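Hi everyone, thanks for coming. I'd like to walk you through one chain today, so please have a look at the screen.

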Amino acid sequence: MSCSTPTPDDSTPDDSTAPATSSDFIERRRRDATGFEAEVWDVVDEIPDPHIPVSLVEMGMIYDVDYADGHVDVEMTFPCMGCPAYDMIHNDIESCLLVYDRVDSVDVDVVWEPVWSKEMLTADVRRKMNESGISL
């Protein structure tokens, strides 16, 4: 994986209005990302869900990414509590981000609001899952 290092824009997006759906919620946060945060989103979008042939971002599990002063906070959820891949996913996120010279530390914060649901999946992700034999 090649990593460029754009100059971060440390402005904080206005998060005061609630989106119509959880997918809108995630997409709006990704659109509001600063320069380096957008790159972090792209890196996390390359990390596959260990059970399903789509990325963590495509699964709607990544809710937000924040970068400040060498520290990245990744806010995410899981489709179910007690996920057996919990530690593996945390390690994947951390190891993919810590290769950046600009990243000194990573926190993965698990949240349960909004609650993950299959409605977060886009039509493209649903198609990929169906083609893999996973019915929804």
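A quick word on the ground rules. This is a predicted model, so local features need pLDDT of at least 70 and side-chain atom pairs count only at pLDDT 80 or more, while totals for chains, interfaces and linings use all residues. Residues are numbered from 1 along each chain as its sequence is written, and side-chain values use heavy atoms, with hydrogens and water left out.

Okay, layout. The chain has four helices and three strands; these are DSSP runs, numbered from the N terminus, with helices being H or I of at least four residues and strands E of at least two. Going along the sequence, you read α-α-β-β-α-β-α.

How do strand 2 and strand 3 run? They are parallel, joined by six bridges; for strands to count as paired, DSSP has to find at least two bridges between them. Val72, for example, has Val106 in strand 3 as its bridge partner. To get from strand 2 to strand 3 the chain passes through helix 3, and this β-α-β crossover is right-handed. That is, with the strands pointing away from you, the path from the first strand over the helix to the second runs clockwise.

Now the inside. Of the 136 residues in the chain, 39% are buried, meaning under 20% relative accessible area with a 1.4 Å probe and protein chains only; over 50% is exposed, and in between is partly exposed. The largest nonpolar core has 39 residues. By that I mean buried Ala, Val, Leu, Ile, Met, Phe, Trp, Tyr and Cys residues joined through side-chain atoms within 4.5 Å. Among those with the most contacts inside this core are Ile62, Val72 and Ile93. Helix 2 gives the largest share, five residues. Take Ile62: leaving aside residues up to four places away in sequence, its contacts (heavy atoms within 4.5 Å) include Ile26, Trp41, Val74 and Ile93.

Last, the loops. Asp69 sits between strand 1 (62–68) and strand 2 (71–76). Its phi is positive, about 50°, although Asp69 is not a glycine. Is Asp69 buried or exposed? Exposed, because its relative accessibility is 74%.

The other loop lies between strand 3 (105–110) and helix 4 (123–131), and Pro114 is in it. The peptide bond joining Glu113 and Pro114 is cis, with omega about -5°.
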